[in-house]
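Reader: Hi, could you walk me through this one slowly? I am new to reading structures.
Author: Gladly; let us take one topic at a time.

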Amino acid sequence: MPEAPLRPLTESEIHEYDTHGVVHVGGLFPEAWVTRMAAAVDCIHAEPTPMGRAVSDAEQGFTNDLFVWKSDDDFRDWVYDSPAAQVAQQVLREERIRHFYDQLFVKPPGCHVPTPWHHDVTFWPVDIESRNLCSIWITFDPISRATSGLEFVRGSHRWPERYKAITPTFDPYMMDSGFADPPDIDGHRDDYDLFCPDMAPGDCLIFDAHVVHGSSANTSTDSPRRAFATRWMGEGTVYDPRHATMPLLWSHGLEAGDALAGSLFPQVLPEVIPGECPRYEGSIEGPDPVLVQSFLERARVSLPSLELTKEKS
Ligand SMILES: O=C(O)CCC(=O)C(=O)O
């Protein structure tokens, strides 16, 4: 059973999430979890997974990595034992909570890699009208807008438009979806209800999969910016393997139209489901080598200039 947060979310925090698509919350995660995960993020930054290397920008020191919980015990424990699942349960107002995936974003001082404006739902191989998906994004460093604090267009989770998925490395594959370009938010900042709170280590942002957000480069010369997101879903989120969505490199056996489930998307609350949780029981589940190979081949073709996919010696 995952740990409880230090306090439940208040009704007003949940209302803020519902109204704005995002809420900034402090005081949920015990210090021990924050310290442990900060160290775990440092380890992955030093040695990203093969998928992480292909979506990061090593030259800029930018590390992006995903599905780390499948191979790393700290990240696995965050899924099964940390208070995050109960926080998701509260904000989504659902009893059954599944973990979707994890992702870390590290921008050291002087890392000139902005995260372009986007909403997450078009990145993902899920029904883009799914309403029961949230992210919990936690920072391990004090951050402000100048050090790449995450910024949101409040209320944009209710916009009808769907925008193309633009990654920090501008992966052409992900942008090839036919969805619209996001609006020029930076050119018309006064026209939007923008929200970019200063945050302390251990604070989190909880946000809806449809809310438009992004972050600037880390312009400081001495403040690191280490952040880690886990994505959570309620019951019945539907698998839709559209072109130009985040590849799933683990075998999952899902067909289009199935509800996300199984050992890649395990239920965590109200309890784990026997047979669905080999990682909970301690075994490492590697990605499918054929899927990894084709993903790396595509990355080599799409982003050759970044030389992202060289094997580590
Ligand atoms: O940390 C960042 O710059 C990007 C985070 C993000 O877009 C997300 O977690 O969905």
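Author: Let us begin with Cys196, whose sulfur is 15 Å from the closest cysteine sulfur, that of Cys204, which is too far for a bond. Please keep in mind that this is a predicted model.

Reader: How far apart could two cysteine sulfurs be and still count as a disulfide?
Author: The two sulfur atoms have to lie within 2.5 Å, and because the closest cysteine sulfur to that of Cys196 is 15 Å away, in Cys204, the distance is too far for a bond.

Reader: And is Cys196 buried or exposed?
Author: Cys196 counts as buried, because its relative accessibility is 18% and buried means under 20%.

Reader: Okay, switching to rings: how many aromatic pairs does the structure hold?
Author: There are 15 aromatic pairs. One of them joins Trp159 and Tyr192 in a tilted arrangement, with 6.0 Å from centre to centre and 50° between the planes. This pair links distant parts of the chain, 33 residues apart, since Trp159 sits in the loop between β6 (151-153) and α6 (172-175), while Tyr192 sits in the loop between α6 and β7 (194-195).

Reader: Why does Trp159 count as partly exposed, and what about Tyr192?
Author: Trp159 counts as partly exposed because its relative accessibility is 22%, and Tyr192 is also partly exposed, at 21%.

Reader: Which residues do ring pairs link into a cluster?
Author: The cluster is made up of Phe67, Phe100, Tyr101, Trp124, Trp250 and Phe265, linked by ring pairs.

Reader: And which residue lies over the face of Tyr173?
Author: That is Arg298, at 3.6 Å from the ring centre of Tyr173.

Reader: New topic: how many cavities of 30 Å³ or more are there?
Author: The structure holds two of them, and the largest cavity has a volume of about 400 Å³.

Reader: What lines the largest cavity?
Author: Its lining consists of 30 residues, and Asn64, Gln103, Phe123, Thr167 and Pro168 are those nearest the centre. Among the elements that give two or more residues to this lining are α3 (50-55), β3 (97-107), β10 (225-233) and α7 (289-302).

Reader: How do those lining residues divide into nonpolar, polar and charged?
Author: The lining of the largest cavity has 17 nonpolar, eight polar and five charged residues.

Conventions: Residues numbered from 1 in each chain as written. Predicted model: local features only at pLDDT ≥ 70, side-chain atom pairs only at ≥ 80, totals over all residues. Heavy atoms only, no water. Buried < 20%, exposed > 50% of the residue type's maximum accessible area, 1.4 Å probe, protein only. Phe/Tyr/Trp six-rings, centres within 6.5 Å; stacked < 30°, edge-to-face > 60°. Helix = DSSP H or I, 4+ residues; strand = E, 2+ residues; numbered from the N terminus. Lys NZ or Arg CZ within 6 Å of the ring centre and 35° of its normal. 1 Å grid on protein atoms, 1.4 Å probe; cavity = no way out; pocket = protein on both sides within 12 Å on 5 of 7 lines; lining within 4 Å. Points joined across faces, edges and corners; volume = space filled by probe spheres on them. Nonpolar A, V, L, I, M, F, W, Y, C, P; charged D, E, K, R; others polar.
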